[in-house]
Amino acid sequence: MSIKRKFALSPAMPRLFIALVASVAALGMSAADAERTRLLVGIVVDGLDTEYIDLLRERFGEGGFRRLERDGAVILNADYGPGLDAAAATATFVSGAAPSLNGIAGDRRYDRERLRETDIYADQTILGNYTTTGFSPAALRVSTFADEARIAAGGVNVVYAVAPTPAQAIALAGHAANAALWLDPKTGNWASSTYYKEMPVAVATRNRTVPLSARLDTMSWTPSLQPDMYPALPDHLQRYPFRYVFPRGNTQRLDMFMNSPLVNREVTTVAADLLSTLRVGQHEGVTDVLNLGYSLRPYNYGKSTDTRVELMDAYIKLDRHLEQLFADIDRRVGLDNTVVVLAATPPRRQSRRDDEQYGIPYGEFSTRKAVSLLNMYLIAVYGNGDYVTAYHRGQFFLNHRLLKEKQLDERDVRRQAASFLVKMTGVDRVHTFDDIVEGRAGEEPEALRRNTPVSTAGDLMLTVAPGFEVIDDFNNAPSGTRVPMVERTAATTAPVYIMAPTVASQTVGTVVDARAIAPTVCSILRIRSPNGAAAAPLHLLKK
């Protein structure tokens, strides 16, 4: 006799038992849903802009961005808040926590004790693998969705991250990954860290047999389409197709390559190697993780400052890489067993200076001059001493030891310094550390507060006015090959795509807190959110 028949014949059966049976059935359905998710693919694209997606949609294939839009949820505006670079935005995306909590305010930080800049993930206690620099996720103070997937599987699944830079790769790998892989900027080898337990054999073999350094001078970047097929271009940009090469004699060739869309091809190739040789996504009963970093950086090594053709071509090439990646996943794992989340980081705040013929206002802000003038002003107010120890990416660091010796109040000195700096040519605004952490700074005080880690923040945060080039001659010697990069006002939002077996096709037009993306991914996987994620998951329409 069936359970259903028994229920019908037993009206006096206790309601508690009926509820228990229903709960078990629901858990069975949840387990079935979770079992279908054999692979999580997290993708971060540095600089992706929905305006270019809209512009180029007709030039895309069916299996890349179009597939994400057709089969998933499109969040048009995920808000990261002000002042974040790609490294900080990536850490926010994977952790669901802002920099004040996750510890990552940028790809580099200033070390007050050693009085010098360092990579945010640099770790002197760790050795490099195919690189001379040691990196670890120690600076990332919270867990990520990749960590939570590893913990939920009891460590029997696999987690890999592949990206052009260590800052991207380590954030995407988290603390518990098998391996994080990135391109070493000096050699072009795929590098890793001994913090992670694996260096995949396929990747090590690639370094030995087909190293990037041996292939660079045979590569060229040329348009994917005929010049007149790129939309919304003036006539003069449609006449002469570009061609960039990376010759052996050019000392900047690795930098040029890393800023070109060809770097995305390398990422996709290594991802395919991991899918095939390590059977990522093909382990029964668990969810493997493959996280990838891509780049759509403006290419600043051409002769012209107008790089619209190059940027559009980078989008078209990335679309083809995504189509290739999704097809490979579908063949080996099945996209119906896969959750894909693709997040963009907000656009960069700098671009090449426009040609002088257009008359766009331009100026230069010298960091050495600013530090010198500020120090002279503080000497006039408080007496002799070296009051300013460093300038680091818009932040001034004061000499706290000297202030203590002189028995000066740090808050008063910061206020005096801010009142002087804001009068300098090229300065838009200045905030003190105190105003930031107490939520009184700027147009979005709470957003600025949560994006400022107390442990690594400077005493003063300065914003340079649009149109001014920051010449960081305090930290770097003047370079004759410097490409003038001027400040621009940039948005703090970026798109996110989520494609999953249970998520219906939909567009979310309202602004969404970027910190909600990681909890949403974890909710789809039915695992707990990262330990620093306080935002609730998004309520996406189900299939």
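What follows is a working chat about a predicted model of a protein.

Q: Before we start, what should I know about the numbering and the kind of model?
A: Residues are numbered from 1 along each chain as its sequence is written, and this is a predicted model in which local features need pLDDT of at least 70 and side-chain atom pairs count only at pLDDT 80 or more, while totals for chains, interfaces and linings use all residues. Side-chain values use heavy atoms, with hydrogens and water left out.

Q: OK, how many helices and strands does the protein have?
A: The protein has 19 helices and 22 strands, where helices (H or I, at least four residues) and strands (E, at least two) are DSSP runs numbered from the N terminus.

Q: And how much of it is buried?
A: Of the 543 residues, 52% count as buried; buried means under 20% relative accessible area, exposed means over 50%, and partly exposed lies in between, with a 1.4 Å probe and protein chains only.

Q: Which strands make up the ten-strand sheet, and in what order?
A: The ten strands form an open sheet in the order 5-8-7-6-11-1-12-21-2-22, with mixed pairing; two strands pair if DSSP finds at least two bridges between them. Strand 5 and strand 22 (506–513) are the edge strands, each pairing on one side only.

Q: What packs on that sheet?
A: Helix 12 (residues 262–277) does, touching strand 1 (39–46), strand 6, strand 7, strand 8 (190–193) and strand 11 (288–295), where contact means heavy atoms within 4.5 Å. The direction of helix 12 makes about 170° with that of strand 11; axes are lines fitted to C-alpha atoms, for helices over the stretch in contact, and angles run from 0 to 180 degrees between N-to-C directions.

Q: Do strand 6 and strand 7 run parallel or antiparallel?
A: Strand 6 (residues 159–162) and strand 7 (residues 179–183) run parallel and are joined by three bridges, and Tyr 160 has Ala 179 in strand 7 as its bridge partner.

Q: Now the four-strand sheet: what is its order?
A: The order is 15-16-18-17, in an open sheet with antiparallel pairing. Strand 15 (388–392) and strand 17 (427–432) stand at the edges with a single partner strand each, so one side of each is left without a neighbour in the sheet. On average, neighbouring strands of this sheet are turned by 20° against each other, direction ignored.

Q: Which helices pack on it?
A: Helix 14 (residues 367–382) packs on the sheet by touching strand 15, strand 16 and strand 18 (460–464), with its direction at about 150° to that of strand 15. Helix 16 (residues 410–421) also packs on the sheet, touching strand 16, strand 17 and strand 18, and its direction makes about 175° with that of strand 17.

Q: Switching to rings, how many aromatic pairs are there?
A: The structure holds 17 aromatic pairs; rings of Phe, Tyr and Trp (its six-membered ring) pair if their centres lie within 6.5 Å, and planes under 30 degrees apart count as stacked, over 60 as edge-to-face and the rest as tilted. One of them is the stacked pair of Tyr 52 and Tyr 315, at 5.2 Å centre to centre with 20° between the planes.

Q: Why does that pair tie together separate parts?
A: Tyr 52 lies in helix 3 (residues 50–56) and Tyr 315 in helix 13 (residues 308–332), so the pair ties together parts that are 263 residues apart in sequence. Tyr 315 counts as buried, at 1% relative accessibility.

Q: What about Tyr 110 and Phe 397?
A: Their ring centres are 4.5 Å apart and their planes stand at 50°, so the pair is tilted. Tyr 110 is in strand 3 (residues 108–111) and Phe 397 in strand 16 (residues 395–398), 287 residues apart, and both are buried.

Q: Which residues are linked into a ring cluster?
A: Trp 221, Phe 242, Tyr 244, Tyr 299 and Tyr 301 are linked into a cluster by ring pairs.

Q: Last one: where is Pro 137, and what does it contact?
A: Pro 137 is in the loop between strand 5 (128–129) and helix 7 (145–152), and at 1% relative accessibility it counts as buried. Leaving aside neighbours within four places in sequence, Pro 137 is in contact with Tyr 121, Ile 170, Gly 174, His 175, Tyr 195 and Tyr 196. Pro 137 and Tyr 121 are 16 residues apart in sequence and 6.0 Å apart in space, C-alpha to C-alpha.
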